[in-house]
Amino acid sequence: MKHGSKLDHSTGCQSHIVLEVLPTACAWAHRGTLRSCFPAACVKIGEMTQENSILLHLESLQLPFPDTWKYGILALAILLGLVALIILTCQMHQCQKLRKLGRKKKYLSEACKDTKVENGILGDKLRPALLDIAKQSLPDVKIQKIQEELDKLGTCLSPSCTSSKNLESVGSNADFLESSRGRLRFSLFYHRERLELLLTVIAVTGLPSRGSADSAVRVRLLKQVPSHISGLQCMVREWQTQVVKNCRKPAFGDQFVCSLQEAELEKSTVKLEVKHYNKYSRHTTLGEVRVTLSKLKASQCMEFCEELQKTTKDLVGEVLVSLKCLPISQKIEIGLLKVKTASVCSSPEKNVYARIDISCNLHKQKHQKSSLRARTSVIIFNETFFFHLAEFVGGTCTVLVSVYEMSSRARSSSRQLIGQAVLGKRSPSEANDHWALMMQSVQQPVAKWHPLLL
């Protein structure tokens, strides 16, 4: 029994030792087998365990800066970004300014080159065709320069800085401008068998440079009328060419035909006016050309190239106007009494009305119109119009009476100007005398005849 017990004790100790050593041996054996079988996998597993240990170590660390420092660094970074953005915008703005300055210098250099070419400095280097164009445009360039000089002199001249030399230069420049209005080309042909007058407006050349204006030619056929009024004429026909836009040498080619008796050629005159139009309806007349039809030869076309002259008005009738001053109510009474016109033929289809415009101290009041009357040699209106004028005694007042002709047909509602009469303070001598008589006879109407001009 004892022997058996010893054996059991020894066997138990050995088994205990074996049990302790066995897991270690198995682990070593297991590692050895893993390494021997999967060496790359074991290396990766080792690296992963090493990285995990580093991350755990970093998480356990804490930065030594407090939160206020962190927020301060963030604010400083934002501030530096804003400063950089402001500097970038300033640089872009400066680059834009430099580009504009470079464009201006380029335009100035081109303008200087153009002036040199016009003065003939670079004339030898140009082609012959360009030289011809430059020579043709040279008078227009001179006119433009003289106009600029006149504008400068008009703004700079004053009682303290005027001199005889400046006045002489201004006078000479004005004379040069008046003599260089342009030239109008047109042709006239009278067909004796058909008793028709054919007028062709060809072109206008040498116009002064006034920007990008639109040009047209208005044609009027006038005939002298025997009357007690010297120089009385009537308008037979009126035409207008097409408007040529943005051209200093407009070519028209418009033709107009009018039936005219051979006996009326000596009494008839053709008046051609060159006008500038703009989009604001501020039309300006550059000049006119007059040709008496007595110069025409029967059945022979004659072409003219005439210089434009200063425009003048034609006497086409008279108007009887009365003026009455009402100082208490600060009003003026204008009476339209009679109108005398010379018409080619009196027709019940043609009606006449008058429009009265008044302005005082550059302040224009609303116009007033008369009623329609049938057109005859003497048209009786007998109508009065009242205008409120607060400062017409000491100011500059102008009264404009315009007489228009309208057709009673429903389709043709266009009007045609017969003539205009201007009266008032600082008007022509006769109209000014009429205004002075009105001021002398207060509350008493003063009537007087005034010429109708067209």
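Tutor: Asp 314 is buried, because its relative accessible area is 6%, under the 20% limit for that class. The model is a predicted one. Asp 314 forms a salt bridge with Arg 290, and the closest N and O atoms of the two are 2.8 Å apart. The partners come from distant parts of the chain, 24 residues apart: Arg 290 is in strand β7 (residues 284-292), while Asp 314 is in the loop between β8 (302-307) and β9 (315-326). Salt bridges with shared partners extend this pair into one network made of Arg 218, Lys 271, Glu 273, Glu 288, Arg 290 and Asp 314.

Arg 290 also meets the side chain of Glu 288 in a salt bridge, with an N to O distance of 3.0 Å. The accessibilities of these two residues fall in separate classes. Glu 288 has 4% relative accessibility and therefore counts as buried. Arg 290 has 31%, so it counts as partly exposed. As a general point, side chains of opposite charge can pair when their charged atoms come close.

A polar contact of 2.5 Å joins its side chain to that of Glu 273. If neighbours within four places in sequence are left aside, Arg 218 is in contact with Glu 238, Trp 239, Gln 240, Lys 271, Leu 272, Glu 273 and Lys 275. Lys 271 and Glu 273 from that list are also members of the salt-bridge network.

The side chains of Lys 223 and Glu 264 meet in a salt bridge at 3.9 Å, N to O. The cut-off for a salt bridge is 4 Å. Lys 223 lies in strand β3 (residues 214-224) and Glu 264 in the loop between β5 (251-259) and β6 (268-277), so the pair ties together parts that are 41 residues apart in sequence. Lys 223 counts as buried because its relative accessibility is 18%. Glu 264 is at 26% and so counts as partly exposed. The count of salt bridges comes to 16.

With 11% relative accessibility, Arg 375 counts as buried. Its side chain is joined to that of Glu 405 by a polar contact of 2.6 Å.

Most residues other than glycine have a negative phi. Leu 195 is not a glycine, yet it has a positive phi of about 55°. Leu 195 lies in the loop between β1 (183-191) and β2 (196-205), and its relative accessible area of 27% makes it partly exposed. Asn 246, likewise not a glycine, has a positive phi of about 50°. Asn 246 lies in the loop between β4 (233-240) and β5. With a relative accessible area of 55%, Asn 246 is exposed.

A search of the whole structure finds zero disulfides. Cys 247 counts as partly exposed at 28% relative accessibility, and Cys 90 is partly exposed with a relative accessible area of 47%.

The surface also has a nonpolar feature. Tyr 71, Leu 74, Ile 78, Leu 82, Leu 85, Leu 88 and Met 92 form a nonpolar patch there, and together they have about 780 Å² of accessible area. Leu 85, one of these residues, is placed in helix α3 (residues 67-119).

The context you asked for is the whole chain. Its secondary structure comes to six helices and 18 strands. Of its 454 residues, 30% count as buried. Among contacts with a separation of 6 or more, 65% are between residues 24 or more positions apart. The chain exposes about 30100 Å², of which carbon and sulfur atoms supply 58%.

Key. Residues are numbered from 1 along each chain as its sequence is written. This is a predicted model: local features need pLDDT of at least 70, side-chain atom pairs count only at pLDDT 80 or more; totals for chains, interfaces and linings use all residues. Side-chain values use heavy atoms; hydrogens and water are left out. Buried means under 20% relative accessible area, exposed over 50%, partly exposed in between (1.4 Å probe, protein chains only). A polar contact is a pair of N or O atoms within 3.5 Å; within protein, one must be able to donate a hydrogen and the other to accept it, and residues adjacent in sequence count only if both atoms are side-chain atoms. Patches are made of residues with over 30% relative accessible area and no salt bridge: like charges are joined within 9 Å, nonpolar side chains (Val, Leu, Ile, Met, Phe, Trp, Tyr) within 5 Å. Accessible areas come from the Shrake-Rupley method with a 1.4 Å probe; for residues, only the protein chains shown count as cover. Helices (H or I, at least four residues) and strands (E, at least two) are DSSP runs, numbered from the N terminus. A disulfide is a pair of cysteine sulfur atoms within 2.5 Å. Contact means heavy atoms within 4.5 Å.
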